Every structure is written in structure tokens, then in C-alpha cells.
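Subject: Structure handover

Hello,

Here is the structure for your files. My notes on it come after.

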Amino acid sequence: QVQLVESGGGLVRPGGSLRLSCAASGITRTISTMGWYRQAPGKERDWVAFITSGRSTDYADSVKGRFTISRDNAKNTVYLQMNSLNPDDTAVYYCYCYAARTYWGQGTQVTVSS
């Protein structure tokens, strides 16, 4: 059974940091791209960042310079280091990976509030 299990979400004050993790299991094919989307209340799900198996990365303009994506291929795990968080970053964050098809995590809530 394929599972993507996210962790690391929570409540943080503006200017603070969080690190999200997402571990994939049960996938028999080679995972190529891994990444993150987020969905704020009342809004569509937006792409945040991705990282390829060769560790090429790209980011949405809204998070460039503040978020860093990384991965551990041996553990099939992707990370998202989020710094300088602001209330606009409040959302449910979903990880995904592509291995012949796209798999999604269940989401983890990130709330930025004073």
C-alpha cells in the first residue's frame, strides 16, 4: 500500500520557521520528482516547490528565498524548510511524488499567526 506521510506542521509566529517532512513508502517504481503544494482556506491548491531525483529544484515566486526543498533518495523522503514565515503562508501543505503516476500525502496544517 502506497503511503506518503507528512509531518512537521503546526502553529508558528510570523518570522518563524518550520520544517516539513514527507516519507513515501510502498512505491515499487523509481520516484522521480517530489514536491509540495499548499491550499489556503477558500483558495485553490497552489504549487510550492519541486525537486528532481538529480536534485534540481524550482520554487513558486511567493516562496523563493525563504523556502528550501531537499530530499533523501535512500529514504524516499522530501523536506521543506520554511523560513521567514508570514500569515500568507497559512495553508494545508501537501507533498507529492511521481513514480509512473502522481501520489499525494494527506496534508499537514501550517498556521502562521501571532
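The notes below cover the pocket, one of its residues and the core.

This is a predicted model, in which local features need pLDDT of at least 70 and side-chain atom pairs count only at pLDDT 80 or more, while totals for chains, interfaces and linings use all residues. Residues are numbered from 1 along each chain as its sequence is written, and side-chain values use heavy atoms, without hydrogens and water.

The largest pocket holds about 200 Å³ of space (an open set of points on a 1 Å grid over the protein atoms alone, where a 1.4 Å probe fits, with protein on both sides within 12 Å along at least five of seven lines; lining residues have an atom within 4 Å of a point). Its lining has 14 residues, and Arg-38, Ala-40, Lys-43, Asp-46 and Asp-88 are the closest to the centre. By class, six are nonpolar, three polar and five charged. Strand β5 (DSSP E run, at least two residues) contributes the most to this lining, namely three residues.

Arg-38 belongs to strand β4. Because its relative accessibility is 12%, Arg-38 counts as buried (under 20% relative accessible area, 1.4 Å probe, protein chains only). Its side chain makes a polar contact with the side chain of Asp-89 at 2.9 Å (N or O atoms within 3.5 Å, one able to donate a hydrogen and the other to accept it).

Regards

Methods:
Grid points are joined across faces, edges and corners, and a volume is the space filled by probe spheres set on the points. Helices (H or I, at least four residues) and strands (E, at least two) are DSSP runs, numbered from the N terminus. Ala, Val, Leu, Ile, Met, Phe, Trp, Tyr, Cys and Pro count as nonpolar, Asp, Glu, Lys and Arg as charged, and the others, Gly among them, as polar. Buried means under 20% relative accessible area, exposed over 50%, partly exposed in between (1.4 Å probe, protein chains only).
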